[in-house]
Amino acid sequence: MSVTTLNSRGVAIRQPGYIARLLDYKPFLIVMCLAPAIGLLAVFLTYPLGLGIWLAFTDTTIGQKGIFIGLENFQYLLKDPLWWNAVFYSIFYTAVATFGKFALGFWLALLLNNHFPLKSLLRAIVLLPWIVPTVLSALAFWWIYDPQFSIISYLLVDVLHVRDSNVDFLGTPWPARFSLIAANIWRGIPFVAISLLAGLQTISPSLYEAAMLDGATAWQRFRYITFPMMMPILAIVMTFSIIFTFTDFQLVYAITRGGPVNSTHLLATLAFQRGIAGGELGEGAAIAVSMIPFLVFATLFSYFGLARRKWQQGEAND
Amino acid sequence: MTDVTASPGSSNVASATPDTMAWDSRARRVMMIYLPLSCFVLILLFPFYWMAITSFKPNAELLNYKEHNPFWISSPTLAHIKHLLFNTAYPTWLKTTMFVAVGSTFLSLFASTLAAYAIERLRFRGSPYVGLGIYLAYLVPPSILFIPLATVIVQFGLFDSPMALILVYPTFLVPFCTWLLIGYFKSIPYELEECALVDGATRLQILGRITLPLAVPGLISAGIFSFTLSWNEFIYALAFIQSGANKTVPVAILTELITGDVYQWGALMAGSLLGSLPVALFYSLFVDYYVSSLTGAVKE
């Protein structure tokens, strides 16, 4: 820096020229351009990430600086049935919801890939659950799952007469678990469907023509053309979906807050309950950190499991 | 595929006296496409319908399914919305949310435009790694970060202030926008910039006069997406904001409107409806940008 200043003394008559030249000096420009983004991410993402891992090894509470206590938090968690319960439900929730989202989302994408009137309108409507704030649609689900005035119960009992009593959606553990999963699937379908639809549209029709000339059935065309061609995008969308389903917070917090009898706690809601609401920052951070191995594993699994092949589409054609 | 090619000749004329082939392909098409599609649309839209219809129902109808058909309103009322607007701090919440969403959107657009330009066009040694680093930041979920971030926010003296949210939201907006914009910058021919360089334009002039005007669709996509994501954000807003007036709409509805054991479903649903409307409106104006940014960012 100082060198540039010294050099510019000689031609310092033109002040704007000096600034312009500094801005044209590539390394300086690169630093200037990256500074805001990298700065924000470093202060509010990287630093907290490290701090969180540190907090997990301390007994910090709200308003009191903790001391290093080693693995005590984790030892405590390993003996805590609530934590194990949350681990179980997080995995179960992720597995079932992801399966549901991808099965239904893929189906919807295949349906939307056909030609029919009002296609673009329909595509717009389909994305709506994903656009609207999750908490607000979760409230609508809470109301739909109401023990007394649930519209589903009304349909089953008073209209279709298949049941005698109202469904207890959120009052007992297993129904509550599945109700939450259903809400999560409902919210996740649009994202999966629209991203996969984009992938479907990149598959060249000539492949299908060639297969049809060879006498391939609809199933064979799906199995040997659509599916393999979709693998790369499927891998990416699934990685994202798994990460954000596993760490889901809003749906559970809005609908059940972990109840009944703590049966629907995900790791994220348990971390919030202990860390922020209960004030045990150290323990909450330990629960949050305990998500990391699962996340890394799930990411590696879905990414490398599905994307074994190299990207078929080149980087340029998007 | 086969039925599509077979149908147009015969199906619409011959429906009265169907010959087997046409009937078969038409019925098949209805069964295989329209029926499941309408089921999907019905299920995906029902919660919104239910939300909307609940917010205009008087309490008497709301809790009495025996005498009133729950799927329709016989005497619609604006009472819930009136209650929401005049007896609660709802307008304040809306204002705060708008402020936070607009603020964080501009901050992240500014940061990510510069970053994307540096990574894609200034090309330096290690620029792919910086890009990858920013991308990895996108994979860090907020649920892991909110506890340590809360202590950071307290350290900075920003606890309970909307400023905290404006500064924190870019952590998930910047990675997304940067990758979206890298994609857009890539699609702008480099020759244009070279021409400008030859004509003696500075780098910043090139960015301001050539690259950015050409990347406007990308900027709009990134902008509306950031706006939607920050409007919808929940966990940070829940953890960092305590006083009623500073809460954002999603948090406020869940924590301030639910009082006691009797849920005021009418008011709750009216609140949800009003809180969803701005993004839904925004969405309906920019549908194509949404779809392109969603798919663009995923593919990148």
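Student: In this predicted model, which residue follows helix 5 of chain B, and what is its phi?

Tutor: The model is a predicted one, and helix 5 of chain B covers residues 90-122. The residue that follows helix 5 of chain B is B:R123, and its phi is positive, near 35°.

Student: What end-to-end distance do the C-alpha atoms of helix 5 of chain B show, and what span should the helix have?

Tutor: Helix 5 of chain B has 33 residues, and at 1.5 Å a residue these should span 48 Å.

Student: Is B:F240 buried or exposed?

Tutor: B:F240 has its place in helix 13 of chain B, residues 235-240. A residue counts as buried once 20 or more other C-beta atoms lie within 10 Å of its own. B:F240 has 24 C-beta neighbours inside 10 Å, and therefore it counts as buried.

Student: Which residues does B:F240 touch, leaving aside those up to four places away in sequence?

Tutor: B:Y138, 102 residues apart from B:F240 along the chain, has its C-alpha atom separated from that of B:F240 by 21 Å. With residues up to four places away in sequence not counted, B:F240 touches B:A150, B:I153, B:F159, B:A164 and B:L165.

Student: Which helix gives the largest share of the side of chain A that touches chain B?

Tutor: In the contact between the two chains, 75 residues of chain A meet 77 residues of chain B. By class, the side of chain A that touches chain B has 60 nonpolar, ten polar and five charged residues. Its largest share, 17 residues, comes from residues 26-55 of chain A, that is, from helix 3.

Student: How are helix 8 of chain A and helix 15 of chain B oriented to each other?

Tutor: The axes of helix 8 (residues 134-144) of chain A and helix 15 (residues 265-285) of chain B come within 9 Å and cross at roughly 150°. Angles over 145 degrees count as roughly antiparallel. The crossing is left-handed, and the angle makes the two helices roughly antiparallel.

Note on methods: Residues are numbered from 1 along each chain as its sequence is written. Chains are lettered from A and ligands numbered from 1 in the order in which they are written. This is a predicted model: local features need pLDDT of at least 70, side-chain atom pairs count only at pLDDT 80 or more; totals for chains, interfaces and linings use all residues. Helices (H or I, at least four residues) and strands (E, at least two) are DSSP runs, numbered from the N terminus. A residue is buried if 20 or more other C-beta atoms lie within 10 Å of its own, exposed if 12 or fewer, and partly exposed in between; C-beta atoms are placed from the backbone. Two residues are in contact if their C-beta atoms, placed from the backbone, lie within 7 Å. Ala, Val, Leu, Ile, Met, Phe, Trp, Tyr, Cys and Pro count as nonpolar, Asp, Glu, Lys and Arg as charged, and the others, Gly among them, as polar. Axes are lines fitted to C-alpha atoms, for helices over the stretch in contact, and angles run from 0 to 180 degrees between N-to-C directions. Angles under 35 degrees count as roughly parallel, over 145 as roughly antiparallel, 65 to 115 as roughly perpendicular and the rest as oblique. A crossing is left-handed if the near helix is turned anticlockwise from the far one by less than a right angle, and right-handed if clockwise. The expected span of a helix is 1.5 Å times one less than its number of residues.
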